[in-house]
Amino acid sequence: MNRKELIDALSTKTGSTKADAERNVAALLEIITATLKKGDSLALVGFGTFEVRKRAARIGRNPATGAELKIKASKVPAFKAGAPLKAAVNGTKK
């Protein structure tokens with residue numbers, strides 16, 4: 001499912017217009033992005049948690065030449081699924 005399909009599904013599910021659904025999706029993504037940018041996590045009980053994880057600096061290799069290169073430390077966004085979401089995906093009861 002892509003963004004357009006999500007907007008269509010949201011408007012159908014809620015009975016709202018596609019324009020309203022687009023604004024809601026955009027607002028949700030902005031909120032998640034702003035929260036992660038501050039370094040905070042966002043927990044949606046029953047769904048999962050969006051968080052920022054720190055990745056340490058490390059030595060990598062250029063696959064073409066085999067030469068070593070330094071990879072800087074970075075922060076990466078991550079999502080950890082909640083138990084009800086995992087159960088729904090696996091078709092089990094939780």
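The views below show a predicted model.

**Figure 1. Overview of the chain and its elements.** The secondary structure comprises 3 helices and 5 strands. Starting at the N terminus, these elements follow the order α-α-β-β-β-β-β-α. Along the principal axes, the C-alpha atoms fill a box of roughly 55 × 35 × 30 Å. The radius of gyration of the chain is 19 Å, whereas a compact globule of 94 residues would have one near 12 Å. Of the 94 residues, 18% are buried. Among contacts with a separation of 6 or more, 26% join residues 24 or more positions apart.

**Figure 2. The sheet of E1, E2 and E5.** This open sheet has 3 strands in the order E1-E2-E5, and the pairing is antiparallel. Strand E1 (42-44) and strand E5 (74-81) each have a single partner strand and stand at the edges, so one side of each is left without a neighbour in the sheet. On average, neighbouring strands of the sheet are turned by 30° against each other, direction ignored. Helix H2 (residues 18-37) packs on this sheet and touches E1, E2 and E5. The direction of helix H2 makes about 40° with that of E2.

**Figure 3. Thr 49 and the pairing of E2 with E5.** Strand E2 (residues 48-55) pairs with E5 in the antiparallel sense, over 8 bridges. Thr 49 is located in strand E2 and stands opposite Lys 80 in E5. Leaving aside residues up to four places away in sequence, Thr 49 touches Ser 41, Leu 42, Ala 43, Ala 78, Phe 79 and Lys 80. The relative accessible area of Thr 49 is 19%, so this residue counts as buried, the cut-off being under 20%. In a regular strand, side chains alternate between the two faces of the sheet.

**Figure 4. The hairpin of E3 and E4.** Strand E3 (residues 58-61) and strand E4 (residues 68-71) are paired in the antiparallel sense over 4 bridges. Arg 58 has Ile 71 in E4 as its bridge partner. The two strands, E3 and E4, form a hairpin with 6 residues between them. In the turn, Gly 66 has a positive phi of about 80°.

Figure 5. Ser 11 lies in helix H1, which covers residues 3-14. A polar atom of the Ser 11 side chain lies 2.9 Å from the backbone oxygen of Asp 8. With residues up to four places away in sequence not counted, Ser 11 touches Ser 16, Thr 17, Lys 18 and Ala 21. Ser 11 has a relative accessible area of 8% and is therefore buried.

**Figure 6. Val 45 in the loop between E1 and E2.** Val 45 is part of the loop between strands E1 and E2. Is Val 45 buried or exposed? The relative accessibility of Val 45 is 86%, so this residue counts as exposed; the cut-off for exposed is over 50%. From C-alpha to C-alpha, Val 45 and Leu 85 are 9.9 Å apart in space, and 40 residues separate them in sequence.

Definitions and conventions
Residues are numbered from 1 along each chain as its sequence is written. This is a predicted model: local features need pLDDT of at least 70, side-chain atom pairs count only at pLDDT 80 or more; totals for chains, interfaces and linings use all residues. Side-chain values use heavy atoms; hydrogens and water are left out. Two strands pair if DSSP finds at least two bridges between them. Axes are lines fitted to C-alpha atoms, for helices over the stretch in contact, and angles run from 0 to 180 degrees between N-to-C directions. Contact means heavy atoms within 4.5 Å. The radius of gyration is taken over C-alpha atoms; the globule rule is 2.2 Å times the number of residues to the power 0.38. Buried means under 20% relative accessible area, exposed over 50%, partly exposed in between (1.4 Å probe, protein chains only). A polar contact is a pair of N or O atoms within 3.5 Å; within protein, one must be able to donate a hydrogen and the other to accept it, and residues adjacent in sequence count only if both atoms are side-chain atoms.
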